[in-house]
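Biologist: I'd like to understand the words you use for this model, and what each one rests on. Shall we look at it together?

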Amino acid sequence: MLPEVEINRVLVVTAHPDDVDFGAAGSVALFVDKGVEVTYLLVTDGDAGGNERTLDNSGMAELRRTEQRTAAKAVGVTDVRFLGHKDGLVVPSIELRRDIARVIRQVRPDLVITHHPDRNYNNVAPSHPDHRAVGGSALDAVYPDARNPYAFPELLRDEGLEAWTVREVWLTGGSTPNHWVDVTEAMDRKLAALQSHVSQVAHVEGFVDFVKTRFAAWADQAGFASGHYAEAFQVVPTA
């Protein structure tokens, strides 16, 4: 794995607002504590989600962007970007790969965190079609697109964005994790981030206990001490 001291910039690529907070907000908080620069890239505005449907889709999109920015601040992230693709209709495409490769070349991260592109048959929730499409496209943007100076030549010609090689990718939501991060000391910030998504979670009874139970189970699987919480990833070397 990439040594922690060599991780200076992290790009998190997700499909919807709240995805990063469920999957990786604790780890993000710990990165920020160490002085790592973290950028969030959201492919959609999440306008097709939400329990409160008195808003039309444009109103929901604005609300969810605001909620995500608030959630990001809870873990110390201020750079939050949105691509504006249509929620619920994301598909792997050359256009999406280019959009993600552009941000990779702008941010120049050592590590990318994104969705696992494969369906999880043990837990279907992480396998939303948008998640799988974004995960696959992000991996394609990491390799080969962002590092290949001949891929999307307009990024260099028109925008001055030089090729960049991401050294490692962490995938969330898969069925075969191989790396667990002890997020116990950041669990309060993870919960604050998740609860910032009022339109998504305010109606869920026992939400905090649900979250704690889920991430305590990951800690148990990782072999951490009782009372700890963990986030799980599959690490993919990409250097």
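Modeller: Let's begin with contact, which means heavy atoms within 4.5 Å. Please keep in mind that this is a predicted model, where local features need pLDDT of at least 70 and side-chain atom pairs count only at pLDDT 80 or more, while totals for chains, interfaces and linings use all residues. Residues are numbered from 1 along each chain as its sequence is written, and side-chain values use heavy atoms, with hydrogens and water left out.

Biologist: Then which residues is His-85 in contact with, leaving aside its neighbours within four places in sequence?

Modeller: Val-43, Thr-44, Asp-45, Leu-96 and Asp-99 are in contact with His-85. His-85 itself belongs to strand E3 (residues 79–85); strands (E, at least two residues) and helices (H or I, at least four) are DSSP runs, numbered from the N terminus. Ala-216, on the other hand, is 131 residues away in sequence and 34 Å away in space, C-alpha to C-alpha.

Biologist: Why does His-85 count as partly exposed?

Modeller: Buried means under 20% relative accessible area and exposed over 50%, with partly exposed in between (1.4 Å probe, protein chains only). His-85 has 22% relative accessibility, so it counts as partly exposed.

Biologist: And what makes Ala-72 buried?

Modeller: The relative accessible area of Ala-72 is 0%, so it is buried. Ala-72 sits in helix H3 (residues 57–74) and touches Tyr-40, Val-77 and Val-80, leaving aside neighbours within four places in sequence. Glu-37 is 35 residues from Ala-72 along the chain, and their C-alpha atoms are separated by 13 Å.

Biologist: How do you know that Ser-137 is buried?

Modeller: Ser-137 has a relative accessible area of 1%, and therefore is buried. This serine is in helix H5, and touches Pro-92, Ser-93, Leu-96, Arg-97 and Ile-100, not counting residues up to four places away in sequence.

Biologist: How do helix H4 and helix H5 pack?

Modeller: The axes of H4 (residues 94–107) and H5 (residues 129–146) come within 8 Å and cross at roughly 60°. Axes are lines fitted to C-alpha atoms, for helices over the stretch in contact, and angles run from 0 to 180 degrees between N-to-C directions.

Biologist: Why are H4 and H5 called oblique to each other?

Modeller: Angles under 35 degrees count as roughly parallel, over 145 as roughly antiparallel, 65 to 115 as roughly perpendicular and the rest as oblique. At roughly 60°, H4 and H5 are therefore oblique. Residues making the contact include Leu-96, Ile-100 and Ile-104 of H4 and Ala-133, Ser-137 and Ala-141 of H5. By class, the contact has 10 nonpolar, one polar and four charged residues; Ala, Val, Leu, Ile, Met, Phe, Trp, Tyr, Cys and Pro count as nonpolar, Asp, Glu, Lys and Arg as charged, and the others, Gly among them, as polar.

Biologist: What makes H2 and H7 oblique to each other?

Modeller: Helix H2 (residues 25–33) and helix H7 (residues 187–195) pack at about 120°, their axes 8 Å apart, and are therefore oblique. H2 passes H7 in a right-handed crossing. Ala-25, Gly-26, Ala-29 and Asp-33 of H2 meet Arg-189, Lys-190 and Ala-193 of H7. That contact has three nonpolar, one polar and three charged residues.

Biologist: Which residues touch the most other members of the largest nonpolar core?

Modeller: A nonpolar core is a set of buried Ala, Val, Leu, Ile, Met, Phe, Trp, Tyr and Cys residues joined through side-chain atoms within 4.5 Å. Of the 38 residues in the largest one, Val-10, Phe-31, Val-38, Tyr-40 and Ile-113 touch the most other members. H2 gives the largest share, five residues.

Technical notes
Left-handed = near helix turned anticlockwise from the far one by under 90°.
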